[in-house]
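Let's take a walk through this model together, one region at a time. Keep the sequence and the 3D view open as you read.

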Amino acid sequence: MSDTPEERMDVSMSINGRTYRANIEVRKTLADFIRDDAHLSGTKLGCEHGVCGACTVLLNDSPARSCLTLAVQANGDQVRTVESLSDGHDLSPLQQAFREQHGLQCGFCTAGILMSASALLEENPHPTRGDIVDTVSGSLCRCTGYQTIIAAIEQAAAESVHDSSSTEDD
Amino acid sequence: MQTIKTHQHMTTPVIAARSVGSRVLRSEDPRLLSGRGEFIADIDLPGQLHVAFVRSPVAHARITHMDLSGVRDCEGVHLAWSGDDVLPFCEGIVGEFAVEGCNPTTMPLLARGEVVYVGEPIAVVVAESRYAAEDACELIDWEFEELPAVTDAHASLAVLNVANSQLPNNLGLKGGGSFGDVAGAFERADKVVEGRYYTGRVSASPMETRGVIAKYGWASKSVQVWSNTQMPHFLRYMLTAYLGFAEQDVEVITPDTGGGFGQKAHVYPEELILPLLSREVDCPVKWIEDRRENLMAAAHAHEQFIDIAYALDNDGRITGVRTHALGDGGAYHAPPWTMAVEPWCAVVMTPTGIYAAPTAEYTYTAVATNKTPVGAYRGVGYMAGTLARECLADDAARALGLSPFDFRRLNVVREFPWTNPQGIVYDEGSWLESIDVVEQMVDYPAFLQRQSELRKKGRYLGLGLSVFVESSGESTATSLEHGLGDVYHDTATVRLGPNGTANVAIGLSAQGQGLATTVAQMAADTLGINVEDVSVDTARSTAHAYGSGTLGSRGAVIASGAVARAAGVIREKVRAVAASMLEASPDDIELVDGQAMIKGVSSSSVSVADVATAIYFDIDSWPDDFEPSLEATQAYDTSRAMFSNGAHAIVVELDPETGFIRFENVYSVEDCGTVINPNIVEGQIRGGVVQGIGASAFEELAYDESGQLLTTTFLDYGLPTMDVVPPFVIHHIETPSKHSAAGVKGMGESGLIAAPAAVLNAVNDALSPFGVVLRDLPLTPEKVLAAMAGGVITTSAPTAEAVGEDRPK
Ligand code: FES
Ligand code: FES
């Protein structure tokens, strides 16, 4: 067995505004660092091949697949995960819209989709349906059939402009 | 036809629907949306070690040498086992189906002597971390002699080679039945239409893979197993039956689960090995499947060929139907369902669908191949059966020059109860109405006009219809009605606290369907309290309510029935005490909106909360001879088989350049009796239909001739993504069952049951100018392009001779 994978390094990064420092194997993925070292288990692993999007986090405000990113690559960076979205009392408007539109069933894909959608809405508060589909088509969901996810993101976008009520997916 | 005697647990109290029927937001959501769900990978036990499996890289081989000493010497490794090491504890899991003509298999926990499919576990390693365990797996020293691989069901049937030495003639199952004068119907037929349909081989692919954690305590001899299983109580029973753990000391815990769809409704070798490993290393052990393993080693699904024929009289009425199913079962019977799960279900469960066919005949054959065992995935057998039946209906309509709607209207059962030739009784349904409604929804004349206009411009639009019946709420009665003897029943425990709020425990584990919310609605209405005042535990532990498994569209029907019965017991106590407090007769008390009131006298009431408080703390308010426990456990099973029904119509457009199918719209009509929560029912429809779209157009577990699985990542195994999925229009019809709580019927599988037929019919409709009819799934761009050039690629094309007797005559 090669020794390289077990080489260790010190890392330090901010996750959801709190600094985490550790000495880790260089081969450890960011996803495993977030889940096992920072004990934030909201970020999920659906494939570990960079395809399903469940592990999506915001790395310096941009969506990143944490299963394909090494933790050491995020050294000194700012990471945001699903745990950062609500204030600890109420769901955020985006989360609430997912709830109202039934945009989740098992919830396993949801963290990744919420993070992709958050990045989209931060960059473009008035996305078209096409913008939403382009962004979120990189995430797989096996339960919902996607339409209610689109509706939820549309609702959150609409509400951020004016307090309008929910829209229907069909 | 055998029917069951009625028992107490088959009747439910009549309730006033308040919360039932409304779009109650799910109680599960805040946790899941905020990253606070607790899935199996999120659970870490102090001192735990990690497990990884070595899996066979070849489809069929004899193991000639196995040495794990290199693995064991590896740093961080605590234990490594091969098949020989695990054998003394368990010989394997028997897969046997209780009908004549089944040859059982025993699936070893780790292969010994022979490996029979790519992905079969051959060794297991326990180490400090998952990284270390996976590293150590690389150091296995083993040699094998490759044997010929059987990768095709028809080759297997011809026994050119043997796939698994346990089945010397490759036959896992074979049988059939004939009802009425089928031969006569075919002899007298004015027309016979027939076809061979192929479903493809797919994976349920829940976003969360499987996972098991086991913790053995030597001092107490207790074993706790965490598994994201759909059948926690059955797993517990298997742990006692196969491993000899003492029943009272075994607990199975099901955490939040990221989808199951049937794939997690099995008992897998991994679930039995982990407790043994924990006992051996005296530490908790954890295994989380990776996606590659999931695609290779978790149950595969659906693969079968269906030969179907209709005898038609000169009015176009179906007078007989013959269905012959040949399932590619993979290398073993997947316990507990076995290879019967596809071909047997396909022909036995619904040979006639919605059609008033007076005679029917079927055969089912399942053969072994050197592929992953085929198990349950949403719509077992029903999907294939519906594909064949509904696509042949379109063939018949074309042959008769009728619209697909008219052919179905001509043949649909119009009077209930209806007994099909096999003796299956359908008590009620909106079979005709669902055809009419979906025709209006798609505005068929307008569609035809648009289709013909676009054709002139070289654009190919198609509309496909699929009308279905779904057996709902798998029960003892359903099992009997289909000739089996399985006994199902589930319990629920309901407790009313001193503040008048309820805790409910059900025996079914949930995989994301929203079961905690739907049964809370049922409990709330039975107790006359608000749904927010009900908290539900879905089979977190086998220490609580009993359940026969979340499968067969049972959840809503069975769990809500058990909850209604248990809540009904509490309700009677609340009524008795309220009557004593209001100086009335218990019979005159109703519980609605948080109040216990004298019927028709709303001024004369006391809150349910006050009654509950009084039962706990105020003995003076009790009637004579009162028993104050406000906790009840009751069982439920349906007294009769029940069936939901509906229709899907799907509009597609074919891209003549690329062969891609663009999905334009889905129109769904669903009749699952009383709808508890429309959001949840619609979610099941959308999710199921999209899985059906996946199975028809995108998904295929592909093997090469040597039995190598070519699709082991989501890059190769293509699930439908947001950009290919169409919007839905959904219509509900409610024809309540007389036999379930509130008239509820199950519907969790109908989307996947019926969508593939709608897709294939839509594609064939679009292809009609080219004079080509496709019958094999998935409809890959290659197949579509070839069809648009006037040719047919049948990936699966077996020769007629190879099937011989199994072709409809
Ligand atoms: S787990 Fe990272 S993309 Fe699937
Ligand atoms: S909600 Fe289950 S995978 Fe998306």
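In chain B, β12 (211–217) and α8 (269–281) each supply at least two residues of the lining of the second largest cavity. Before we go further, please bear in mind that this is a predicted model.

Let's stay with that cavity for a moment. The second largest cavity holds about 80 Å³ of space. Its lining is made of 13 residues, and those closest to its centre are Arg210(B), Ser227(B), Asn228(B), Tyr268(B) and Glu271(B). Sorted by class, the lining of the second largest cavity comprises three nonpolar, six polar and four charged residues.

How many cavities of 30 Å³ or more does a search of the whole structure find? The search gives eight. The idea behind such a search is simple: rolling a probe the size of a water molecule over the atoms shows where empty space is left.

The largest cavity has a volume of about 90 Å³. Lining the largest cavity are 15 residues, and Met107(B), Tyr117(B), Tyr268(B), Pro269(B) and Ala297(B) lie nearest its centre. The lining of the largest cavity has 11 nonpolar residues, along with one polar and three charged residues.

Now let's turn to a sheet in chain B. Here four strands form an open sheet with mixed pairing, in the order β23-β31-β32-β33. Its edge strands are β23 (460–472) and β33 (728–732) of chain B, each of which pairs on one side only. From one strand to the next, the twist averages 15°.

Which way do β23(B) and strand β31 (residues 642–654) of chain B run, parallel or antiparallel? These two strands run antiparallel and are joined by 13 bridges. To find a place to start in the 3D view, look for Leu461(B), whose bridge partner in β31(B) is Glu653(B). Lying across β23 and β31 of chain B is helix α11 (residues 382–400) of chain B, which runs at about 130° to β23(B).

Some backbone details in chain B also deserve a look. Phe416(B) and Pro417(B) are joined by a cis peptide bond, with omega about -5°. Pro417(B) sits in the loop between α12 (404–411) and β21 (418–419) of chain B. Another cis peptide bond leads from Leu777(B) to Pro778(B), with omega near -10°. You will find Pro778(B) in the loop between α20 (750–766) and α21 (781–788) of chain B. Ser553(B) is not a glycine, yet it has a positive phi of about 50°. The loop between β26 (534–538) and α17 (555–582) of chain B is where Ser553(B) is found.

Finally, let's visit the other chain. Chain A is divided into domain 1 (5–85) and domain 2 (93–169). Taken over C-alpha atoms, the centres of domain 1 of chain A and domain 2 of chain A are separated by 23 Å. Their contact takes 19 residues from domain 1 of chain A and 13 residues from domain 2 of chain A.

Notes. Residues numbered from 1 in each chain as written. Chains lettered and ligands numbered in written order. Predicted model: local features only at pLDDT ≥ 70, side-chain atom pairs only at ≥ 80, totals over all residues. Heavy atoms only, no water. Pairing = 2+ DSSP bridges. Axes fitted to C-alpha atoms, helices over the stretch in contact; angles between N-to-C directions. Contact = heavy atoms within 4.5 Å. 1 Å grid on protein atoms, 1.4 Å probe; cavity = no way out; pocket = protein on both sides within 12 Å on 5 of 7 lines; lining within 4 Å. Points joined across faces, edges and corners; volume = space filled by probe spheres on them. Nonpolar A, V, L, I, M, F, W, Y, C, P; charged D, E, K, R; others polar. Domains from an automatic or database assignment.
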